[in-house]
Amino acid sequence: MFSLRLPIPIENTLITPPPKSNYNNICNSSLCAHSYSSYSHSQTNRFLTVTNVALQKNGNSVGDSKDTVTHPFPEELNAEPLPRHVAVIMDGNGRWAKMRNLMPSAGHQAGAEALKEMVRLCASWGIKVLTVFAFSTDNWIRPKVEVDFLMSLFEKTINSEIDDFNREGIRISVIGDATKLPSSLLRMIKYAEESTKENSRLQLIVAVSYSGKYDVVQACKSVAKKVKDGILDLEEINEGIIEQELETNCTEFPNPDLLIRTSGELRVSNFLLWQLAYAELYFNGALWPDFGKDEFVEALISFQQRKRRFGGR
């Protein structure tokens, strides 16, 4: 089942500011230095000018601290049923930037701010797991300057959020093929996962260099190795055994109840292919940087109107 809301907003002059962070620590890495040196001086100035425009969305302006923002439970929603696990394909950053005559990095920066708001909404409303598709294995074919910027943005954003996550009880996990990720990002991921592992209010799973096909293949390889090593008998292999080897085994609730995709595209794009077997699908026309509280409430209302049968009547 899926819900469709296609109109894409054309007029939106609100520009999301960059996240606050101890960025000097991150910029010591050669990755970050290369990423920003790849842009011309005029492009960099335009990016900094645009992304420092005061943000009025949800009453915040540049300098506001998101950890002081509370999100009361919406009156439009019922307390039950709520999805325990929400997955999001965050689509439309590039188009958001293009509509504003900005370079793609501005769209990705705005998308990072939208993600921060989504994390706080989920934590406030009792959703236990939020999995977001941040970077696909297919995205490696994008221009190197864009890929480098995204890698540095991931590192910068994780660094800026760790202290707040610990204060707010948010655990972060990262899934995907780590073999192509920069070493500085891998170190940041390891530190973030270790420092937040005891948090239990919300688990944020970030899929980086990930695809559903990759996940199934790596799970099958793991099972095959166990059979080869005599740890597992061939006859013992079933769906449960496969699921134990999927990368979402890092959470108590590995299968999303609700998948949200923004930007009006109507496909799952190689994301969590096994885990989405019984997920409710919700497609929204808003570009990801414009997807906020109101749009999320609409998605949850749609979820609460579904009758989930799981093959029954």
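Modeller: A residue is called buried when its relative accessible area is under 20%, exposed when it is over 50%, and partly exposed in between, with a 1.4 Å probe and protein chains only. Please note that this is a predicted model, in which local features need pLDDT of at least 70 and side-chain atom pairs count only at pLDDT 80 or more, while totals for chains, interfaces and linings use all residues. Residues are numbered from 1 along each chain as its sequence is written, and side-chain values use heavy atoms, with hydrogens and water left out.

Colleague: How many helices and strands does the protein chain have?

Modeller: Helices (H or I, at least four residues) and strands (E, at least two) are DSSP runs, numbered from the N terminus. For the protein chain, the count is 10 helices and 7 strands.

Colleague: Is helix 5 parallel or oblique to helix 10?

Modeller: Two packed helices are described by the angle between their axes and the distance between the axes. Axes are lines fitted to C-alpha atoms, for helices over the stretch in contact, and angles run from 0 to 180 degrees between N-to-C directions. Helix 5 and helix 10 (residues 293-305) have axes 10 Å apart, at an angle of about 50°. Angles under 35 degrees count as roughly parallel, over 145 as roughly antiparallel, 65 to 115 as roughly perpendicular and the rest as oblique, so helix 5 is, relative to helix 10, oblique.

Colleague: Which residues of helix 10 meet helix 5?

Modeller: Contact means heavy atoms within 4.5 Å. From helix 5, the residues taking part are Glu 117, Met 118, Leu 121, Cys 122 and Trp 125. Their partners in helix 10 are Lys 293, Phe 296, Val 297 and Leu 300.

Colleague: Are helix 6 and helix 7 roughly parallel or perpendicular?

Modeller: The axes of helix 6 (residues 144-168) and helix 7 (residues 183-196) come within 10 Å. They cross at roughly 20°. Helix 6 and helix 7 are therefore roughly parallel.

Colleague: Is His 108 buried or exposed?

Modeller: His 108 lies in helix 5. Among the residues it touches, beyond those up to four places away in sequence, are Asn 93, Arg 142 and Glu 146. Because its relative accessible area is 7%, His 108 is buried.

Colleague: How far apart in space are Pro 81 and Gln 305, C-alpha to C-alpha?

Modeller: Pro 81 sits in the loop between helix 3 (41-51) and strand 2 (85-89), and at 41% relative accessibility Pro 81 is partly exposed. Apart from neighbours within four places in sequence, Pro 81 is in contact with Phe 303 and Gln 304. Pro 81 and Gln 305 are 224 residues apart in sequence, and their C-alpha to C-alpha distance is 9.4 Å.
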